[in-house]
Amino acid sequence: MANAEVAKGSPGTYTRRAMPALTCPSCGRENPEGFAFCGFCGAALDAAPPQGREVRKTVTIVFSDVTGSTELGERLDPETLRRVMSRYFDAMRAVIERHGGTVEKFIGDAVMAVFGIPVLHEEDALRGVRAAWEMREELAALNEQLRPERGVTIAVRTGVNTGEVVAGDPASGQTLVTGDTVNTAARLEQAAAPGEILLGDVTYRLVRDAVEVETVEPLELKGKAEPVPAHRLLDVAPEAAGHARHLDSPMVGRNRELSLIRESFDRAVSERECHLFTLLGAAGVGKSRLVEEFIGATSGATVLRGRCLPYGEGITFYPVADVVRQAMGEHDMGSGVDALIEDEERAPMVVERLAAVLGEDSAAGIGTEEMFWAVRTLFEGIAHRNPLVVVFDDIHWGEPTFLDLVDHVAGWSRDAPILLLCVARPELLDVRPTWGGG
């Protein structure tokens, strides 16, 4: 029920007057009336925020423009051209929104998208770059339809730039962004050749470990006093982080935490049980470094790893699918499962249900409980040979069904030395207050 208060009207009558939700001035998300701080980003809330207030934010701008649109207009009648461009804009909007961006506006035949407004994400630059890459792929698929239908194809050029902008107040629905960052993104787009994606220098530095680029000569852009560094995008890794974690520095002051993980592993081995250990901590405090130290000092165990993704389609079982593929190694699913679980009767059922975990179409219709059983059976089979350590990273991004699976394996595994080592930020407890494990 929406927030409301009771107001007295004529004698004996009362009316309910809706209370407006408080909109966070930082992230633009709505919070229940009475909150002092935003439940999403932690920023202070103002019960009566001034409307029209502008905010400064660091965002990523994607500017994409159709090349040769004049020639296209000459070849098509206006009604056909409108339909073609509508299909193009719809396809581009879908990609942008799938990556968490906002279409700021369509300008003629150009698309301007913003990543970081109204909701800020730590990997907005990477989202913007992946969106630009996928927009080009989506356009190629659209052209395969337009070529036989209309005898035309669309070519675009794209610029991506990251920096500070001034934006309208999200509370009033006005998110128009202005600033040199926007202008530079537009200039990068204009400097790109048809089919090219040019990245600004700041954008590239934020995503460098997830992309392959070719550095171009600094660009002389209109309105810019100095040449602007730029990078031609050649490839994007599908799931890589923008910055690779460097885990080779010496570890200092974490002996107690390390001993707790080792103790949990030793108990799992001695008691032949599954133990769930969750390592909670804010970003950058050294959780991954601690895990590496533990793994490096653990001999005789099979170690499998999976990582939850912050967004995307079909990501519920992504970390588990990663673990399953590692377990199979060079074997196909059938021979791999046969070798690992050594149970001729159950092996075909495990193979069928693991195929569902991997998202194979042939396994459609298999329920989550059956998939849970197959993953648990696989883990137990591996652990019967050697103690098993399964590291699930960034589980604060995990889908509820994935977290249910981890709970299932931890609670139902029998006679198998398994350590489920989960790494998460404290936000995990916002969605799973009763989450256990260390």
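These exercises walk through helix packing and strand pairing in a predicted model.

Residues are numbered from 1 along each chain as its sequence is written, and side-chain values use heavy atoms, with hydrogens and water left out. In this predicted model, local features need pLDDT of at least 70 and side-chain atom pairs count only at pLDDT 80 or more, while totals for chains, interfaces and linings use all residues.

**Exercise 1.** Work out at what angle helix 11 and helix 12 pack, and which residues make the contact.

*Step 1.* Find the two elements: helix 11 covers residues 368-385 and helix 12 covers residues 400-412. Helices (H or I, at least four residues) and strands (E, at least two) are DSSP runs, numbered from the N terminus.

*Step 2.* Take the geometry. The angle is about 50° and the axes are 10 Å apart. Axes are lines fitted to C-alpha atoms, for helices over the stretch in contact, and angles run from 0 to 180 degrees between N-to-C directions.

*Step 3.* Classify it. That angle makes helix 11 oblique to helix 12; angles under 35 degrees count as roughly parallel, over 145 as roughly antiparallel, 65 to 115 as roughly perpendicular and the rest as oblique.

*Step 4.* List the contact (heavy atoms within 4.5 Å). Helix 11 brings T368, E369, F372, W373, V375, R376, F379 and E380, and helix 12 brings T401, D404, L405, H408, V409 and W412.

**Exercise 2.** Now describe how helix 9 packs on helix 11.

*Step 1.* Helix 9 (residues 333-341) meets helix 11 at about 55°, with 8 Å between the axes. Helix 9 is therefore oblique to helix 11.

*Step 2.* On helix 9, look at A339, L340 and I341; their partners in helix 11 are T377, L378, G381, I382 and R385.

**Exercise 3.** Give the strand order of the open four-stranded sheet and find its edges.

*Step 1.* The order is 13-16-15-14, with parallel pairing. Two strands pair if DSSP finds at least two bridges between them.

*Step 2.* Strand 13 (274-280) and strand 14 (302-307) are the edges, each pairing on one side only.

*Step 3.* Zoom in on strand 14: six bridges join strand 14 to strand 15 (residues 388-393) in the parallel sense, and R305 stands opposite V391.

*Step 4.* Helix 8 (residues 318-328) lies across strand 14 and strand 15, at about 150° to strand 14.

**Exercise 4.** Are the faces of strand 10 covered or uncovered, and which strands pair with strand 10?

*Step 1.* Both faces are covered: I197 and L199 on one side, and L198 and G200 on the other, are all buried (under 20% relative accessible area; exposed is over 50%, partly exposed in between; 1.4 Å probe, protein chains only).

*Step 2.* Strand 8 (residues 155-167) pairs with strand 10 in the parallel sense over three bridges, with T158 facing I197 as bridge partner.

*Step 3.* Strand 12 (residues 228-236) pairs with strand 10 in the antiparallel sense over three bridges, and G200 stands opposite A230.
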